[in-house]
Amino acid sequence: MNSTESCRLAIWDDEAIVPFAAELAEAGRRFGVTVERMPRQECERLLRAGVVDAALVPSINVFSDTDSFEVYAPAALSAWCTPHASIRLRSGLSVRPATLSCAEHVGQETLMARIVLREHYGMQPDIVVASAGSEPDPSADSVLRVGSLRTNPEADAIEQGVSLDLGQEWFELTAYPMVWGLFVSRAGESDPRVFLALGEAAGPAEEEDEEPIENLVSDVRLRFRFDDIATASLTELAELLFFYRATADVPDLHYAPDPHAEREEEGDDEDEFRL
């Protein structure tokens with residue numbers, strides 16, 4: 001891409017991401033990156049079609065097709081508990097549901113629900129996907145509810161049964177926050193301007209080491225730094241995807257080149273030449 005052309009970065013239009021999207025747009029203006037907010041499915045679709053140059057894509061979608069993407073390491077979207085997804089069990093935890101009703105476009109959350117229900121509760125319901133454009137069947141014995149990432153999510157009003165926070169279940173399974181989305185470009189088409197803009201917007205790594213574990217499990221704040229905790233969570237996710245045969249082997253992510261490292265290497269070469 002011509003460095004004088006603006007690079008287009010698509011990011012989800014969820015409410016809770018608005019503050020980060022604003023910071024990213026500001027950083028983008030300095031590096032020649034235009035940030036565009038749109039529905040989650042559109043971000044990935046337009047990236048694959050070549051309409052945008054980079055996008056926020058569900059992590060499981062990236063793992064399922066690693067050869068198609070390069071991941072930008074400065075930023076990722078993660079959270080200790082779920083701002084947008086839950087499993088409703090109409091008969092509570094004492095009865096194993098025969099089916100789990102879910103929408104068509106929530107493949108990441110559906111697979112996560114399958115994993116946590118089996119690992120934590122020994123439940124293996126058949127997945128029933130609603131027809132295109134339809135919502136899950138609210139009368140089903142278990143329902144996967146997925147909405148927008150919200151700043152202050154309210155508990156679901158449930159007449160009977162229990163609701164399981166999908167992100168909290170993931171945390172209790174792995175001891176890490178779920179990485180919901182990764183910033184990626186198409187393979188071989190990463191742009192250093194996106195790398196720099198994401199790094200500036202995400203800022204320094206969060207300091208959570210001193211935070212009591214009981215506080216983290218109820219922390220609804222989104223995390224945007226691609227730090228060691230996010231990396232550890234992705235490692236767990238890759239292994240579980242292989243175990244559940246969602247991938248043919250344990251997938252490895254392909255990362256976009258770090259322009260800072262490239263500059264340091266060029267500087268070292270120049271110093272060596274001058275000697």
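Serine 233 is found in helix α8, and it's a handy place to start looking around this predicted model. The chain has 275 residues, and buried ones make up 47% of them. Its secondary structure comes to 9 helices and 11 strands. Among contacts with a separation of 6 or more, 85% join residues 24 or more positions apart.

**Around serine 233**

- Is serine 233 buried or exposed? Serine 233 counts as buried because its relative accessibility is 1%, and the cut-off for buried is under 20%.
- Setting aside neighbours within four places in sequence, serine 233 is in contact with Trp170, Tyr176, Pro177, Met178 and Val179.

**Where α5 meets α8**

- Helix α5 covers residues 166–174 and helix α8 covers residues 228–243, and their axes come within 11 Å of each other.
- Those two axes cross at roughly 90°, which means α5 is roughly perpendicular to α8.
- Which residues make the contact? On the α5 side you'll find Trp170, Leu173 and Thr174, and on the α8 side Ser233, Glu236, Leu237 and Leu240.
- Sort the residues of this contact by type and you get 4 nonpolar, 2 polar and 1 charged.

**Helix α1 and what it packs against**

- Helix α1 runs over residues 18–31, so to speak a stretch of 14 residues.
- From its first C-alpha to its last, α1 reaches 20 Å, close to the 20 Å expected at 1.5 Å a residue.
- Buried residues in α1 are Phe20, Ala21, Leu24, Ala25, Ala27 and Gly28.
- What do the buried residues of α1 pack against? Their partners are β1 (7–12), β2 (33–38), β10 (178–186), α6 (192–202) and β11 (222–225).
- Glycine 32 follows α1, and its phi is positive, near 85°.

**The nonpolar core**

- The largest nonpolar core has 76 residues, and Leu24, Ile87, Leu182 and Phe183 touch the most other members.
- Strand β4 (residues 69–79) gives this core its largest share, 7 residues.
- Leucine 24, one of the buried residues of α1, is in contact with Leu9, Ile11, Val35, Phe183, Ala197, Leu198 and Ala201, leaving aside its neighbours within four places in sequence.
- As general background, nonpolar side chains tend to be buried together in soluble globular proteins.

- Most residues other than glycine have a negative phi.
- Alanine 175 has a positive phi of about 75° although it is not a glycine.
- Look for alanine 175 in the loop between α5 and β10, where it is partly exposed with a relative accessible area of 45%.
- Arginine 245 also isn't a glycine, and its phi is positive too, near 60°.
- You'll spot arginine 245 in the loop between α8 and α9. Why does arginine 245 count as exposed? Its relative accessibility is 77%, and exposed means over 50%.

- Proline 192 lies in helix α6 and is partly exposed, with a relative accessible area of 44%.
- Proline 192 and aspartate 258 are 66 residues apart in sequence, yet 7.3 Å apart in space, C-alpha to C-alpha.
- Alanine 248 sits in the loop between α8 and α9 (259–274), and it is exposed, with a relative accessible area of 76%.

Note on methods. Residues numbered from 1 in each chain as written. Predicted model: local features only at pLDDT ≥ 70, side-chain atom pairs only at ≥ 80, totals over all residues. Heavy atoms only, no water. Axes fitted to C-alpha atoms, helices over the stretch in contact; angles between N-to-C directions. Helix = DSSP H or I, 4+ residues; strand = E, 2+ residues; numbered from the N terminus. Parallel < 35°, antiparallel > 145°, perpendicular 65-115°, else oblique. Contact = heavy atoms within 4.5 Å. Nonpolar A, V, L, I, M, F, W, Y, C, P; charged D, E, K, R; others polar. Core = buried A, V, L, I, M, F, W, Y, C linked by side-chain atoms within 4.5 Å. Buried < 20%, exposed > 50% of the residue type's maximum accessible area, 1.4 Å probe, protein only. Expected span 1.5 Å × (residues − 1).
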